[in-house]
Amino acid sequence: MDLALNDEQQLIVDSAVAFLDKSSTLTQVRSTSETGDGFDRALWQEVAAMGWCGVHLPEAAGGLGLGLVELALLQEQLGRHLACIPFLDSVVLAASLLRTLPGNEQTQALLGSIANGERVLALAMGHPDVDQCLTARANANGAGWVLQGHWPGVGSAQLADALLLPARTALGECLLFLVPADAPSLSLEPLQALDATRRAADVRATDLQLPATACLARGPDLAQAWQRASCLAAIALAAEQMGVAQACLDLTLAYTAQRQQFGKAIASFQAVKHRCAQMLVVLEQARSAVYGAAAMADTDPTTAVLLFHAAQARMEATQAALFCSREAIQLHGGMGFTWEFDPHLFLRRAQLSSQRLAPVSWWCEQVAAQLLDENHALAECLP
Amino acid sequence: MNVQETPAEQQFRAEVRAWMAAHLCGDFESLRGAGGLGAPGYDAALAKRWEQQMAAGRWTGLGWPQAHGGRDLPLGQQIVFHEEYVRCGGPGRLGHIGETLLAPTLMAHGTPEQQQRFLPGILAGTTYWAQGYSEPGAGSDLAAVRTRARLDPVSGEWIVDGQKVWTSWAHESDWIFVLARCEPDSTRHKGLVLLLMPLRQSGVTLRPIKQITGGSEFNEVFFDGARTEGSLHLGAPGQGWAVAMYLLACERGASTLGQQAHFRAELDSVLALARANGAARDPLLRQRIAQAALGLQTLRDHALRVSGAPTDVRAASIAKYAWSNWRRNLGELAMDVLGSAAESVSADPLRQSLHQLWLSSRADTIYAGTNEIQLNVMAERALGMPR
């Protein structure tokens, strides 16, 4: 047992840092997010060319065949740089669900097109509990289906080539549909995002006719895959949050080292030092939790164990991102309140991420239920 | 990176379990699940015999190099040992200061004669050590120590005068390592020596300190012409600070793994109580209980991540700050789970142990460097912020 990075993993980190420091500067991030559609396509091309979009996918699906640990290492750096690409939605969320479903040629082909970056998929996974995402109805129509309803705030929907949309039948069965983004009867209403580096849209279907092949999965298969995929995605999201926390600490250390008051750098004041040290503690704890959870996920544990570790990563990383981004603004003083300085970009991302895939309180309640109510199953996996 | 137990670790776990089952019985039965010194009803004499039994089974010095009689086990197996030891009801360990603080320092800074003289007694559980660092005027500011040491030209011995405080378990120890000023006009980090000194002698007086727990793990130690042999300085006289700091990094780092294994047992007792008394239905307590369980997993993951650098002062400070605050929060949670039953002291062992947890955890963020000192260390030495 050990959770130190091996040489290959360290190499992934080093090359990701070197690449993103050059190709996704905060100046570029501001330019992409404030003017364009929020999608740095040149960056996406390069990322895809390096194989990042398939880092965790099997080689048979065109991926690199590595694990969630390696995906988390990339996510950490993408979060740290606020990279304006739909990596979380397509590579993390959509691919995690597709690969967890019982495989067939169709899902395999979809995974291949995600892995090489050719297609961007957006999955309407607002919550780890699939029942909470079944806001639309699917009615059988001959051999095919008719979709009716809406999916609020679907991440990267307006950037995607295709959408993965869950719906329920009149009998309550859940289904997952693949819908081309340009399908008639599908409307996308982009939201004005609080965090402009992340895009989302309200998606509506009005009598949307789909062939039978558009239904990728249904019933218990889908519900189980949804739960596991949401845990895997939560760990990768936590890695991104940890990167946000790291960026906030970096920014704050640089600023407090050069900002002079009372005749010296404010970094020399104990009130400032202690806050930075506390940022370091929550960040390093989050890093340990994310690496541990990702390494555990790569051992293909039971869903209960996976959920415990996903909750752990989410709890530690959410706390780290929120704490560090808030402290970054405070320790930048008045400058931290200006649009020109960068801390608010991370505050926005930290807040947004804290609510994605359910808030920490939901994850904690799942863990509490298993520790306190249900045969104490999780007590077995406590350290 | 590998979070699963290796076959060697699994086999080792089975070995620990089998040995504990065969030996934690008979005379030692009453030690099962016992806390450490300071816990109510702790039988120190029996606990020392237990340590000797452990030594005979080669369960001491697990991380020590083989050249010094240890087993040189990787950290993963050491963690497995501590976890399984607690799971099997193993009592609080007595030899911690000697085995995990002094011994590594002796190996790094001691002379071969000192190593040959002192390591075997630590390994065998026959010699117990106390730590003579803090003084009334030198707590967080350790470099302010005023205890004096001088070489007696007649006898060739070191003679020590002064006072130490917060000296854990001195009343059950045989020897003490003492940080003292050996150059009369020196100040701060210069002119210090770390001496190895027998505790049971006429020049040494102990006075126990009654703690908020009601027990007395801590002592005041008075030196009045106390003596030790002229060769028993650890490192060169005048260079004691560096040696003392090496030992501190051991104290804040890997040495606490054994202690952390007990956290699981403490969390379990809070969980069991919450299920039994209905606190498990309170939504806010449910959140805090989940946070405690998840936080414990993070402490373990953190230990596994930084294991390659057990004496790295930065990693050690982060770990110490994290675990001590985690346990202090657990103590507060335990009291809230107890609810109004916490108001009265009782003979009920569970309630007693939770009261102990709550009170004793207030010391965790103070000893071995307060929260505030750890934050200073992290800011200046891990983040490179200016003094």
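## Basis of the model

In this predicted model, local features need pLDDT of at least 70, side-chain atom pairs count only at pLDDT 80 or more, and totals for chains, interfaces and linings use all residues. Residues are numbered from 1 along each chain as its sequence is written, while chains are lettered from A and ligands numbered from 1 in the order in which they are written.

## Contact between chains A and B

Chain A contributes 42 residues to the contact and chain B contributes 42 residues (contact: C-beta atoms, placed from the backbone, within 7 Å). On the chain A side, helix 8 (270-297), helix 9 (303-331) and helix 12 (360-373) each supply at least two residues (helices: DSSP runs of H or I, at least four residues, numbered from the N terminus). The largest share, 15 residues, comes from helix 8 of chain A.

## Domains of chain B

Chain B comprises domain 1 (7-94), domain 2 (129-240) and domain 3 (253-382), with bounds from an automatic or database domain assignment. The centres of domain 1 and domain 3 of chain B, taken over C-alpha atoms, are separated by 22 Å. Between these two domains of chain B, 11 residues of domain 1 are in contact with 11 residues of domain 3.

## Helices 7 and 10 of chain B

Helix 7 (residues 257-277) and helix 10 (residues 349-364) of chain B pack at about 125°, their axes 11 Å apart (axes: lines fitted to C-alpha atoms over the stretch in contact; angles: 0 to 180 degrees between N-to-C directions). Glu266(B), Ser269(B) and Leu273(B) of helix 7 meet Leu350(B), Ser353(B), Leu354(B) and Leu357(B) of helix 10.
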